[in-house]
Protein chains: 2
Amino acid sequence: MRIAVLGGDGFVGWPTCLHLSDLGHEVHIIDNLSRRWIDVELGVQSLTPMDSIQERCRIWYEVTGRKLHFHLLDIAKEYERLRGWLVEHRPDAIVHFAEQRAAPYSMKSDRHKVYTVNNNVNATHNLLAALVETGIDAHLVHLGTMGVYGYSSVGAAIPEGYLNVGVETMDGRVAQQEILYPTRPGSVYHMTKSLDQILFQFYAQNDGLRITDLHQGIVWGTHTEQTRRHVQLINRFDYDGDYGTVLNRFLIQAAIGYPLTVHGTGGQTRAFIHIKDSVRCIELALADAPAAGQRVKIFNQMTETHRVRDLAEMIATRAGAKVAYLPNPRKEAAENDLVVRNEQFLALGLKPTTLAEGLLDEIVDVARKYEHRIDRKRVPAVSAWTRELGQLVETDPERKRLRSVS
Amino acid sequence: MRIAVLGGDGFVGWPTCLHLSDLGHEVHIIDNLSRRWIDVELGVQSLTPMDSIQERCRIWYEVTGRKLHFHLLDIAKEYERLRGWLVEHRPDAIVHFAEQRAAPYSMKSDRHKVYTVNNNVNATHNLLAALVETGIDAHLVHLGTMGVYGYSSVGAAIPEGYLNVGVETMDGRVAQQEILYPTRPGSVYHMTKSLDQILFQFYAQNDGLRITDLHQGIVWGTHTEQTRRHVQLINRFDYDGDYGTVLNRFLIQAAIGYPLTVHGTGGQTRAFIHIKDSVRCIELALADAPAAGQRVKIFNQMTETHRVRDLAEMIATRAGAKVAYLPNPRKEAAENDLVVRNEQFLALGLKPTTLAEGLLDEIVDVARKYEHRIDRKRVPAVSAWTRELGQLVETDPERKRLRSVS
């Protein structure tokens, strides 16, 4: 297949490109390199030394003899060029990662909120409008997030996309209606993925676009089988307060002998998936396209759930570190349960890599190996969900104490 | 109160400004005048001769001694100026009409789809982000549409915004959960109003913004008490295939002795409200603001429902015209029921103007009075929801016959 990977230079995008190329597909990377610009803006960098996309593609060709085609294109801002590209290349499938993907970054300031909404909504909608206009019947696989549902569940398992509800009719019957499982996003970033869902529903219904939406958990892990093949193929590893996930920041704190900083009680339950499983899921989703006229196919792309404090304990034990509790800069439930259905990918043959088996590799192969590149000041989360929460975090005595000893 | 009316130069915006000014409020009109630019793009004009916004404001001052303050500002494109304006003027309330509001226009081409999404989502989100950033606790009243729910109901009445659903929990109980009444928008325009709902839900929850969302039916009628006070205060009347509502186009067809063109079977049921009631509803909504931390308050702003073919018959009978049936350029159910709850506005004191009593005024005072300004070629709907529907409409023999005799 000829596959366009939008956002193919990013954290999940890059290993996805290598995985699909390795399977023999013709892979085109479309990216505006915004993630690299944001590194520049924030003054942060990947823990792992990361080459330019052009250099990465060159190395992959040297190692495997397979070509990756890179196209610098901003799909949110350059609608006409995107449409022209589609007409010229006519991909069989499109994997869409091309959105700003960090919740804390989306909450940093009004400028970041405005950027995230403008960028993400236009990126997705431009793509949909261009597919309709060009008549290209490519299967679109989009990376969404489990976070659209929020984390205040009433104790029910989150199904894969849809819910049947009964509504009382005028003549007193109860009619069943299938709806998108209701979202309750907790950040501007998550909100944009909730908006995407509505765009997909409309274009599948009105124009018969074939769309798969992957509601992904927190992706952890650095290496896939392909990124291990050459040191210059290594994936990015973010540990800063905006782009570093809770897991990555714990790993870095453990590596530098700093206490693992848990926000609030650490009672937040989150869903996780290893990067190897993430790229495999995309392969599986591509092979299982819906037909034209079918509803959007929605998968929950995650393999296990953990409470944040349990995660901290798991890493602290393995790495010999301590755990510290700080005020939470996010507006969210202090404690929540999270049960997620993921039968679809398991039925398609996914064999999950668990945290219990994969964590030690991350500590040894990544965090300790690149410890000399860690900028300690970048680890704490600085983006607060509201001004009040920002003040609470800023004035917290435990945070001040940790800062003074670090 | 100091009230900012965003989109205050538009069809509902303008009479709203006059109504609120008449009640003694200090009214600021913020508008990018995009609706006038679209008239230029399409080569159409209001049936009623409409002056510039500056001239309209001058006349209102002459007639009443009350000032309307006009500010040329594009809230979708000029985030910084919008924020600056809010800081300078600190409104007590904001009425937000500033979105592209025609479904057929939003479906004309990929360019129009892209424009509508970009404009509407950024307009609404910029406003929300600016309110949070400036800390201005203004009550935001937004004009949404009944159309977000789609028109394929299972026979249940559409409640005012929310639905209680039962979900089965892990331990076998059924837990009740309140959700936004599920949307199923049928055009790109309607889709943007569905996206707005999610933006409102997030900002009310995260930042305590006080928001009222009015899900409006099709607005009909031209005059309000205030627009009648001077010929130059008259409201706009759109009858073209993109911005003219079904009712306006029927009125114009009747005035020129052309058959009333019904799309499909005319079995589509729609909700209606007179412009006088619309501006009164906005007054009532402004006086009934939710508290900070409350959920978004949602009203169904409509007073009656009719099937399109019944509407055609009603006008044909009064005006002595015929009815013709043409293929439907929209992708929608051929026939639908529509029952809408609107108890909230009735309880607040709304006294509806019915079509049965108001239609004749429109025929005599507007359609026949300005008949000499009608451009007959502009009445047929030309925007099709898909390419296939466009071809069906283009090649229809009845449509060809009507065109040849017109």
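Which elements of chain A cover the buried residues of α1(A)? The legends below take up this question and several other close-up views. This is a predicted model, in which local features need pLDDT of at least 70 and side-chain atom pairs count only at pLDDT 80 or more, whereas totals for chains, interfaces and linings use all residues. Residues are numbered from 1 along each chain as its sequence is written, and chains are lettered from A and ligands numbered from 1 in the order in which they are written.

View 1. Helices (H or I, at least four residues) and strands (E, at least two) are DSSP runs, numbered from the N terminus. Among the buried residues are A:Trp14, A:Cys17, A:Leu18 and A:Leu20. Their cover includes β1 (2-6), β2, α3 (53-64), β3, β4 (93-96) and α9 (275-286) of chain A, where contact requires that the C-beta atoms of two residues, placed from the backbone, lie within 7 Å. After α1(A) comes A:Gly24, with a positive phi near 100°.

**View 2. The open sheet of chain A, built from seven strands.** The strand order is β3-β2-β1-β4-β5-β8-β12, with parallel pairing; two strands pair if DSSP finds at least two bridges between them. At the edges stand β3 (68-72) and β12 (297-301), each of which pairs on one side only, and the twist from one strand to the next averages 20°. Strand β2 (residues 26-31) of chain A runs parallel to β3(A) and is joined to it by five bridges, and A:Asp31 stands opposite A:Leu72 of β3(A).

**View 3. Helices α6(B) and α7(B) at their crossing.** The two axes come within 10 Å and cross at roughly 15°, which makes α6(B) roughly parallel to α7(B). Axes are lines fitted to C-alpha atoms, for helices over the stretch in contact, and angles run from 0 to 180 degrees between N-to-C directions; angles under 35 degrees count as roughly parallel, over 145 as roughly antiparallel, 65 to 115 as roughly perpendicular and the rest as oblique. The residues that make the contact include B:Val117, B:Val121 and B:Leu128 of α6(B) and B:Tyr189, B:Leu195 and B:Leu199 of α7(B).

**View 4. The side of chain B that touches chain A.** The contact draws 42 residues from chain B and 42 residues from chain A. On the side of chain B, the elements giving two or more residues are α6 (110-134), β6 (162-168), β7 (174-180) and α7 (188-207), and the largest share, 13 residues, comes from α6(B).

**View 5. Helix α8 (residues 246-255) of chain B.** This helix is mostly covered, with ten of its ten residues buried, and its buried residues pack against β9 (218-220), β10 (260-263), α10 (308-319) and α12 (355-368) of chain B. B:Gly257, which follows α8(B), has a positive phi near 70°.

**View 6. B:Arg270 in strand β11 (residues 269-274) of chain B.** B:Arg270 is buried, with 21 other C-beta atoms within 10 Å. Not counting residues up to four places away in sequence, B:Arg270 touches B:Gly217, B:Ile218, B:Thr305, B:His306, B:Val308 and B:Leu338.

How values were computed:
Buried ≥ 20, exposed ≤ 12 C-beta atoms within 10 Å, placed from the backbone.
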